[in-house]
Amino acid sequence: MTDKRAGHAPALFDDVLIAEDIERASNTGREVALASRAEYERNGVPLNDLLPCEEEGPDGTVLAHCMKIYLPRPVGKFGMVFRIALREGKAQLVYAAFGVRHHPRDSHAPTVYEIAHNRLQS
């Protein structure tokens, strides 16, 4: 992946998708999402913080060719998922979703992984 700064990958954000995610987030989640987006658009996403998503997760999600980052770093309760895409022959991270990584057992709220899965499968 090409970097904006050494050790960082460029990221593209969809205003509509991130607005949907911010709308459903808590105040803390909104702050984390907006600060992370600003940082990543300015400097790129730190490669050392990116983790591969499971191609097929235990919750039925399919996130092949996706990377995740925990927010706030290093292991915050929120996460962002990016799809790896080629643009003009260069790899880039394309925003897929922001949200809570794992909810309590009885919660029916979607996780960031389920949100990303639903967007990428439609």
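These questions and answers go through a predicted model of one protein.

Me: In what order do the helices and strands of the protein run from the N terminus on?
Reply: The protein has three helices and seven strands. Read from the N terminus on, the order of these elements is β-β-α-α-β-β-β-β-β-α.

Me: What is the radius of gyration of the protein, and what would a compact globule with 122 residues have?
Reply: The C-alpha trace spans about 40 × 30 × 25 Å along its principal axes. For 122 residues, the rule for a compact globule gives a radius of gyration near 14 Å. The protein agrees with that rule, because its own value is 14 Å.

Me: What share of the residues in the protein is buried?
Reply: A residue counts as buried when its relative accessible area is under 20%. Of the 122 residues in the protein, the buried ones make up 45%.

Me: Which residues are closest to the centre of the largest pocket?
Reply: The largest pocket holds about 390 Å³ of space. Its lining has 20 residues, and those closest to the centre are Asp59, Arg101, His102, Thr111 and Tyr113.

Me: Which elements each supply at least two residues of the lining of the largest pocket?
Reply: By class, the lining has seven nonpolar, seven polar and six charged residues. The elements that each supply at least two lining residues are β5 (66-71) and α3 (112-121).

Me: What covers the buried residues of α3?
Reply: The buried residues in α3 are Val112, Tyr113, Ile115, Ala116, His117 and Arg119. Their cover includes α1 (15-24), β5, β6 and β7.

Me: Is Val75 buried or exposed, and which residues does Val75 touch?
Reply: Val75 sits in the loop between β5 and β6. Val75 is exposed because its relative accessibility is 62%, and the cut-off for exposed is over 50%. Its C-alpha atom is 10.0 Å from that of Arg101, 26 residues away along the chain. Leaving out residues up to four places away in sequence, Val75 touches Tyr70 and Arg101.

Me: What is the phi of His65, and what is the phi of Glu88?
Reply: Most residues other than glycine have a negative phi. His65 lies in the loop between β4 (51-52) and β5 and is exposed at 64% relative accessible area. Glu88, in the loop between β6 and β7, is exposed at 83%. Both values of phi are positive: about 65 degrees for His65 and near 55 degrees for Glu88.

Me: How far apart in space are Ile84 and Ser107, C-alpha to C-alpha?
Reply: Ile84 belongs to strand β6 (residues 78-87) and is partly exposed at 33%. Ile84 and Ser107 are 23 residues apart in sequence, and their distance in space is 30 Å.

Technical notes
Residues numbered from 1 in each chain as written. Predicted model: local features only at pLDDT ≥ 70, side-chain atom pairs only at ≥ 80, totals over all residues. Heavy atoms only, no water. 1 Å grid on protein atoms, 1.4 Å probe; cavity = no way out; pocket = protein on both sides within 12 Å on 5 of 7 lines; lining within 4 Å. Points joined across faces, edges and corners; volume = space filled by probe spheres on them. Helix = DSSP H or I, 4+ residues; strand = E, 2+ residues; numbered from the N terminus. Nonpolar A, V, L, I, M, F, W, Y, C, P; charged D, E, K, R; others polar. Rg over C-alpha atoms; globule rule 2.2 N^0.38 Å. Buried < 20%, exposed > 50% of the residue type's maximum accessible area, 1.4 Å probe, protein only. Contact = heavy atoms within 4.5 Å.
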